Amino acid sequence: MDHHYAEPHEVMYHTQLSREMLMGADTALLPGDPGRVRSLAEAMGPTVDLTSHREYTSCLTQVQNRPVLVCSTGMGGPSTAICLEELARLGIKRVIRVGTTGSIQEGLELGDVVIIKAAVRLEGTSAHYAPLEFPAVADFELTQLLAYAALVESVPHQVGICCSSDTFWPGQERYDSFTGYVLRRFQGSMKEWQQLGVTNYEMETATVFVTAQALGLQAASLCGVVAKRTESESIASPEIYRLAENRFQTIVRRALNELLAREGKK
Ligand SMILES: O=P(O)(O)O[C@H]1O[C@H](CO)[C@@H](O)[C@H]1O
Ligand SMILES: O=c1cc[nH]c(=O)[nH]1
């Protein structure tokens, strides 16, 4: 497979990042929300701002004296795939989505974290990279490491299967929308996903997993629960959002320190 790496000074069109700016980072943390980039980076280590263009806000942080990129993907598949394409060209080899989610199983509470091992491809972008028969699966070792980190940090979590939907309302069978109408195709879909053991709804993980596989990157994903869909369609309070944020930061910090320390010893 040909790989088209960028020249050191070459600035990527969408993310406005260059290889020089990444200082050799091969690992990226990918929140959806640009507003979470700085706090996530600072929770890992000393941080410098890089750039902000469209939905892509980025910082460089340091873990075990190694640079780690934090870059937002924006919401949904298309902007996420663009982000991965450009980061691959800049030498990123490993990505971890750090997101928020709505749980659909009893027992997954507000503020809990879901470590995602696979994703239902209820989105369109990943089909541009692999046929629908191809699974959206996480990198096994990276996912195992996140689960280990959650365990040793005593963070309430489950390892699960998410449903990545292109839409927040109909695809996630929400009726509290402008019209309140959900296409017949999606009516009753939440019950079917529950029956199949799907744990949560969000919007980017399937794209991250399939695109990463197509580009030859390792990918993992974890999401904090900010809506408990077995009880309500609403998003929980800002306090719950902060609790979830705190918890996924704790897991990622522990996992990255383990991983980069191990690699430093090799
Ligand atoms: O908090 P982030 O990472 O954006 O993730 C979730 O939040 C957004 C919807 O509110 C979607 O992007 C969804 O996947
Ligand atoms: O319910 C939710 C909460 C966060 N993000 C989603 O996509 N769905």
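This is a predicted model: local features need pLDDT of at least 70, side-chain atom pairs count only at pLDDT 80 or more; totals for chains, interfaces and linings use all residues.
Residues are numbered from 1 along each chain as its sequence is written, and chains are lettered from A and ligands numbered from 1 in the order of writing. Local features require pLDDT of at least 70 and side-chain atom pairs pLDDT 80 or more, whereas totals for chains, interfaces and linings use all residues; side-chain values rest on heavy atoms, without hydrogens and water.

**View 1. Packing of helices H3 and H6.** Helix H3 (residues 77-89) packs against helix H6 (residues 205-215) at an angle of about 30°, the axes being 10 Å apart. Helices are DSSP runs (H or I, at least four residues) numbered from the N terminus; axes are lines fitted to C-alpha atoms over the stretch in contact, with angles from 0 to 180 degrees between N-to-C directions. H3 and H6 are therefore roughly parallel (angles under 35 degrees). Contact (heavy atoms within 4.5 Å) involves Gly77, Thr80, Ala81, Leu84, Glu85 and Ala88 of H3, and Thr207, Val208, Thr211, Ala212 and Leu215 of H6.

**View 2. Surroundings of ligand 1.** Residues around ligand 1 (a heavy atom within 4 Å) include Gly32, Asp33, Arg36, Arg97 and Met203. Polar contacts are pairs of N or O atoms within 3.5 Å. An oxygen atom of ligand 1 lies 2.8 Å from a side-chain N or O atom of arginine 36. For arginine 97, a polar side-chain atom is 2.9 Å from a ligand 1 oxygen atom.

**View 3. Surroundings of ligand 2.** Among the residues around ligand 2 are Phe168, Gln172, Arg174 and Tyr201. A polar side-chain atom of glutamine 172 is 2.8 Å from a nitrogen atom of ligand 2. In arginine 174, a polar side-chain atom lies 2.6 Å from an oxygen atom of ligand 2.

Definitions and conventions. Helices (H or I, at least four residues) and strands (E, at least two) are DSSP runs, numbered from the N terminus. Angles under 35 degrees count as roughly parallel, over 145 as roughly antiparallel, 65 to 115 as roughly perpendicular and the rest as oblique. A polar contact is a pair of N or O atoms within 3.5 Å; within protein, one must be able to donate a hydrogen and the other to accept it, and residues adjacent in sequence count only if both atoms are side-chain atoms.
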